[in-house]
Structures are given as C-alpha cells and as structure tokens.
Amino acid sequence: MAAPRPLPARMSGVMVQTPIQDLEALRALTALFKEQRNRETAPRTIFQRVLDILRKSSQTVELACRDSSQVEHLASSLQLITECFRCLRNACIECSLNQNSIRNLDTISVAVDLILLFRELRVEPDSLLTAFRCGLQFLGNIASRNEASQCIVWERAFPELFMSCLNHPDKKIVAYCSMILFTSLNSERMKELEENLNIAINVIEAHQKQPESEWPFLIITDHFLKSPELVQAMYDKLTNQERIAFLDVMIAKMVGDEQLTKDDVPAFLHHAELIANAFVDQCRTVLKLTSEQHSEDEEALVTIRLLDVLCEMSANTELLGYLQVFPSLLERVLDLLRLIHVAGKDSTNVFSTLSNIKAEGDVSSMAEGFKSHLIRLIGNLCYKNKDNQDRVNELDGIPLILDSCSMDDSNPFLMQWVVYAIRNLTEDNSQNQDLIAKMEDQGLADTSLLKKMGFEVEKQGEKLILKSTSDAPPL
C-alpha cells in the first residue's frame, strides 16, 4: 500500500503541501505567488523544497543528454521543471527577501546548469521551449534590482549561457536572455564583454533580426554606446547588415526624446572619430549603386547610414567642433557630392533627379535623401567656421551646391538644406557673399533660384551685395 499523502499545513499564511511532491501542488504555489502578500510571507523552507524537485528532475535531464533512449521519459520531468521555474519566477517579483533566500540556496547555479543542458536535448520543441523560457524568466526576475543576485547570475552564466541563448532560433528565448544580460551588465562587466566580442555581436544580430524587441536595443543604447572601446573592437567584426542595424540604433539614441547627457559626450566623441574615419575611408563605395549589378551593394548602404549618423552628430553642439576639424572629412563630402551630381546627370540611376523608382526596400529608397544629407553635413561643418567656409570656396563647392538645387523627388527638403548651407557659408564671410553675387551678375547663378532660396543680389555703386530676403523658405 502506498504511503498516505501528508496533510496540508499552513505556514506563515500560505497553504502548501508538506512536502511538495506533485505538479498540482507546485501549480497551486505558483498561483499563490502572483499576490504580493503571499510572496512577502513565504518561508525559506518552501524554496528549499522547490529546489529539491528541480535538482531531482535535473538528474533526469542530464541522464537523457547522455543516453538518448531516456528522452522518451522526460515529459513529466520537463513539466515539473517548468512549474518549478514558474514558481520561483513569481516568488521573485518585487520581493528582495525571496530573491535573497532563493539565491542563498544556490538555486541560480542549478538553473543555469539546467538551461545549458536544454541545448543538448533532442525532444519535442513545445515542452522543452516552455521550460527553457521559464528558466530564463526566473533568472531575469531574481536579478532584477538585486546587485547580489546579478553578481551570481553573471558569475554562473557568463559567457556560456549568453553564447548559447542569444543566437537561439526561438525569439522569446533570445528576448529573455537579452533581458538577463541587460539587467546584469555594469561598467566592470563591460570589460569582460570586450574579451568576448561574439556575445556583443550576437546582441547586434538579435536586434537586426528582431528590431521590435526592446532588450537588445536597450543593451546597445544603455551599455554598448557608453563603451567606445567595445564599439571600436566590435564594429570591425560586424557584417554590413549588422553595421547598418547598429548605426540605426546610434541614430535613434541621438534623435530620441532624451538628449545626450554630459556623461554621454566623451564616449560619443570617440564614436565620432570611428564614424568619420569609416566614412572618409569608404565613402566612394556609394558610387557602386549607379550600376545595376551592384544595386544591392551592402557596403554602399553602410556608407549611406554613416552619412546619416554624421548629420546627426554634427547637429550636436558638443560634437560639431570635433567634426569641423576632422582631417579630410569636409573634402570627402564635397568630393562625393560632386561625383554623385555628375553621375546623376550622365545617366539615369539612383542619383538622377528623374530617378523615381519607389519600390519598397529597393536601393533607390535606401539612397533617398543622400544628396540632401551631403549638403546638410556641409552646412553643419561650415556653421560659424570661417576656415571651412573658405575651404568650400577654394574647392569650388559653392557653385556645386547651387547647381544641386533643383526639384528632386528622391531628395526631399533639398532646397531647404541648400538654403541652410548657403547661409552658413556666407555668414560673416564677405568673400563667399561676393562670389555668389558675381555668379548672379554673370548669369552663372539663377536669379529666380536665388529668390526662391531667400536671397537677392543688390548693386551698391560698383559693388554687388548678396542679401537675405524676408521670404526665405523655412528650414
């Protein structure tokens, strides 16, 4: 005859089985821990019993990893493991007392070891995935706002668990693993991440594949972008698609509701160096897009995104001064503007004014606004900087910018950015003002175009004066 089931016992206001032996009892406990008052009054002995069940079930999983014939007997063990994790997950919600009690029982180590075993199992995906997900949720909850638990999670999970889970085909597993990584990272652990770049790269890849998932995005914005050393080392190893995804996050950080803080600026000055160097080195690759055989060249698309980043960086007063004196940057931007301007006139391609191919995702849409952004960057680099104003003049950039000012569906706001650039080029610079006035007088600058831009040339004696009118287009 089977031994009689022990009677229920009431402990600290929570009704539980003594001891907890079956799935129903675990489910009841999981439900009880949904309420804060039950979490706060739970005795430590409950967590010891849950851990005992978890350890026993783990032995079954370990045996199945060694002997594939045992896999068919795993169903009940996976059910128990799943409910153990759910119970512990719920117990940790906004309850540091339970987090500490569960941590001190060494439950984190058991959970991490079990999750790593899951990657070795060959069982039906649903039952395994549910246990896998709940295990990661538990680790995320026990580490939430608890530095001591974060430390243990990091010690036990890094790097194997992150390497194992960040590239998992299941989106939820990737998201929960990213949550754990975000919660556990700090400035000291970022240094360890620099020595395990594949984990950082996996985060970028996760964001690229799941841009809607908040955790990879937050890891990049709140941790990676604060470490220029990591960004420098990681960027060189990213694929072109991953670089585009990373640069998109950098743009989002700069244009978001929260402006860069003073603490962000030193790191972003390093990022500015990286981005400017990359643009100077590879900017001409964008010309590949003029050829149909290179119409999807990913390196060229990276160049487009680098320009977008530089436009946003140069719009920040803390970063502008650095970029204004960056070697060869202004010259490369002017050179590229001239090359795509000529290429757009010589044949019909993505840089042509009449190129109106608008299919979603095709290269013409990727290149949309490229000329506008080049002119925007020139305007930013010349803002209250006479050396750069004069340099644009020396390189015959002013006629080029004026000649670029035409209606172009592929370059929205082109007129506004030309106006902006001309204003910055002529502000407190009589030489540049005289040049434009003489161009108009000689018929080299379209008078009606200048008026549309908000400028007019006035003759005072023998001198031509470029003046701003009141009906300038808005910027």
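**Entry 1: overall**

I looked up burial first: 52% of the 475 residues in the protein are buried, where buried means under 20% relative accessible area, exposed over 50% and partly exposed in between, with a 1.4 Å probe and protein chains only. I note that this is a predicted model, in which local features need pLDDT of at least 70 and side-chain atom pairs count only at pLDDT 80 or more, while totals for chains, interfaces and linings use all residues. Residues are numbered from 1 along each chain as its sequence is written, and side-chain values use heavy atoms, with hydrogens and water left out.

I found 26 helices and four strands in the protein; these are DSSP runs numbered from the N terminus, helices being H or I with at least four residues and strands E with at least two. The protein exposes about 22600 Å², and carbon and sulfur atoms supply 48% of it; the areas come from the Shrake-Rupley method with a 1.4 Å probe, and for residues only the protein chains shown count as cover.

I then checked contacts (heavy atoms within 4.5 Å). Of those between residues at least 6 apart in sequence, 73% join residues at least 24 apart.

**Entry 2: the core**

I looked for the largest nonpolar core, and it has 138 residues. Such a core is a set of buried Ala, Val, Leu, Ile, Met, Phe, Trp, Tyr and Cys residues joined through side-chain atoms within 4.5 Å. Phe224 is one of the residues with the most contacts inside the core. Leaving aside neighbours within four places in sequence, Phe224 is in contact with residues including Met190, Leu193, Ile219 and Met234.

**Entry 3: Arg39**

I located Arg39 in helix α2 (residues 36–40). Arg39 is buried yet has no salt bridge, and Glu94, the nearest side chain of opposite charge, is 5.0 Å away. A salt bridge needs a side-chain nitrogen of Lys or Arg within 4 Å of a carboxyl oxygen of Asp or Glu. I did find a polar atom of the Arg39 side chain 3.0 Å from the backbone oxygen of Ile93.

I placed His271 in helix α16 (residues 265–282). His271 counts as buried because its relative accessible area is 1%. Beyond four places in sequence, its contacts include Leu225, Pro228 and Met313.

Cys382 sits in the loop between α21 (370–381) and α22 (386–394). Cys382 is buried, at 0% relative accessibility.

Methods: Lys and Arg count as positive and Asp and Glu as negative; His and the chain ends are not counted. A polar contact is a pair of N or O atoms within 3.5 Å; within protein, one must be able to donate a hydrogen and the other to accept it, and residues adjacent in sequence count only if both atoms are side-chain atoms.
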